[in-house]
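Let's take a walk through this model, starting at the ligand and ending in the strands. Keep the structure open beside you as you read.

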Amino acid sequence: MEQQAAKKRILSGIQPTGTFTLGNYIGAVRNWSRMQEEYECLYMVANLHALTVRQDPAALRRQTRESAALLLACGIDPAKSILFVQSQVPAHCELSWVLSCCTQFGELSRMTQFKDKSAKHPENVNAGLFTYPCLMAADILIYNADLVPVGADQNQHLELARNVAQRFNNNYSPTFTLPEGYNPKTGARVRSLQEPAKKMSKSDTNANAYILLTDDADTVLRKFKRAVTDSEGAVRAAEDKPGVTNLMGIYSALTGKGLDAIEAEFAGQGYGVFKEAVAGVVIDALRPIQAEYARVLADKEYLDRVLAEGAAAAGRIAGRTLAKVYRKVGMLQ
Ligand code: AQP
C-alpha cells in the first residue's frame, strides 16, 4: 500500500508474549480496528521485542501466529491495513543499528522502562533490553509513521524516537517524519483484577489477575467473582476504591455507559450482582472474537498468506527508507 496523501500513517505493535488480555483489547487492539477507516495503518506482532525477556522458542513461534490470528479476529482487516510479523521485515534491525549509532548511552540510561524491567529481571539485564528504544524508533521511523498510539509507559520511548529522528535529519538531510503520540478517545488503562494498583498484564504470574480474550464464559465469570473490591459494598468510582473503579471502567468501555449511569444502575445492589453484569458484557464481547479466532487459526493457509503479503507490503516501504538511510550515511549501494 502506498502512502495516500490524505491519510496519516499509523504504526502500532503488540508483543506475542502471551494471549492478549482484556486490557490489550480495550486499551489498544479494539481502537486499532476502529482507526482503519481514517488512517493508513500498519500493525505489527513485535516478536523481536519479545526476545528481551527469555522466551521458550516453540511457545514464541506459536504465540506469534496466535497473536496475528487474534488481531484478525479483533477486526484488523488485511484489505485495509498491513498486518505483519516484525522479524519478517529484516530492515527494522538494519535501521535499528544505524539509529543506535545516533543514540547516546546517557539517553538510553534514562529510560524508566529499562530501569523497571531490569529490576524485574535482575538475572537477565541484556543489551537488547537497553537498546530496545532504538529498535522501537526503527519500527516507527522506517515507515515514516505520523502517529503512534502509545500508552503512558511508552511516551518516553516515543520522545527518544523523535529526538533521534531529528538528530539524523539535522546531521544528514531531512529523512524521517517526526512521529506524534496518538491517544484514542477511548482506551482506559485496565487494571489487574487481583492487584488493582497494577495494570492488567498478560505476563502476570497470577492467572486470576487477567481476562484473556480466549477465556471461556465460566472462566470469565469465575475471575470476575474473585476480583478484589472493598468492604463498602457500593458501586461507586473513587480513588480509594481501585478494584470497583476498574470494574466500572471495563463495564463502561464495553457498554458505552458513563460512570454516573453505572452507579445509578447498580445503586443499592451488592458487588455480586455488579460482578455478574460485568462478566456478562465481557462474555458477550468475547464471543464473536473467539468464534473468528477459532476460524482463522484453523485456516493455516489463510493466516500464512496474510502474513506473507503483510511482510511483503511492509518490506517494500521499509526497504525504500533503509536504502535512503544507507545512502546518506555512506554505505555502498
Ligand atoms: N492493562 C492495559 N490496559 C490498557 N492497555 C493496555 N496495553 C497493555 N496492557 C494494557 C496496551 O496494549 C498494547 C500492547 O502491549 P504489549 O503487548 O506490546 O506490551 P505491554 O504494554 O507490556 O502489555 P502486557 O499485556 O503488559 O504485556 P507483557 O505482560 O508481556 O509486558 C500497548 O499499546 C499497551 O499500551
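How many residues surround the ligand, and which are the closest? The count is 16, and the closest are Thr-17, Val-190, Ser-201, Lys-202 and Ser-203.

## Before you read on

This is a predicted model, where local features need pLDDT of at least 70 and side-chain atom pairs count only at pLDDT 80 or more, while totals for chains, interfaces and linings use all residues. Residues are numbered from 1 along each chain as its sequence is written, and side-chain values use heavy atoms, with hydrogens and water left out.

## Around the ligand

Here's what the shell is made of: five nonpolar, eight polar and three charged residues. Strand S1 (9-14) and helix H1 (22-35) each supply at least two residues of the shell, and H1 gives the largest share, four residues. Helices (H or I, at least four residues) and strands (E, at least two) are DSSP runs, numbered from the N terminus.

Now for the atoms. A polar side-chain atom of Lys-199 sits 2.9 Å from a ligand oxygen, and one of Arg-189 sits 3.4 Å from a ligand nitrogen. Gly-23 brings a backbone N or O atom to 3.2 Å from a nitrogen of the ligand. The protein covers 88% of the 640 Å² of accessible area that the ligand has on its own (Shrake-Rupley method, 1.4 Å probe).

## His-49, tucked away

His-49 belongs to helix H2 (residues 47-50). His-49 counts as buried because its relative accessibility is 3%, and buried means under 20% relative accessible area (1.4 Å probe, protein chains only).

Its side chain makes a polar contact of 3.3 Å with that of Gln-86; a polar contact is a pair of N or O atoms within 3.5 Å, and within protein one must be able to donate a hydrogen and the other to accept it, with residues adjacent in sequence counting only if both atoms are side-chain atoms. Beyond four places in sequence, His-49 is in contact (heavy atoms within 4.5 Å) with residues including Gln-15, Tyr-132 and Asp-139.

In strand S2 (residues 40-45), six of six residues are buried. Glu-40, Leu-42 and Met-44 point one way, and Cys-41, Tyr-43 and Val-45 the other way.

S1 and S2 pair in the parallel sense over six bridges (pairing takes at least two DSSP bridges). In S2, Val-45 is the bridge partner of Ile-14.

Methods. A residue is near a molecule or strand if one of its heavy atoms lies within 4 Å of it. Ala, Val, Leu, Ile, Met, Phe, Trp, Tyr, Cys and Pro count as nonpolar, Asp, Glu, Lys and Arg as charged, and the others, Gly among them, as polar. Buried means under 20% relative accessible area, exposed over 50%, partly exposed in between (1.4 Å probe, protein chains only).
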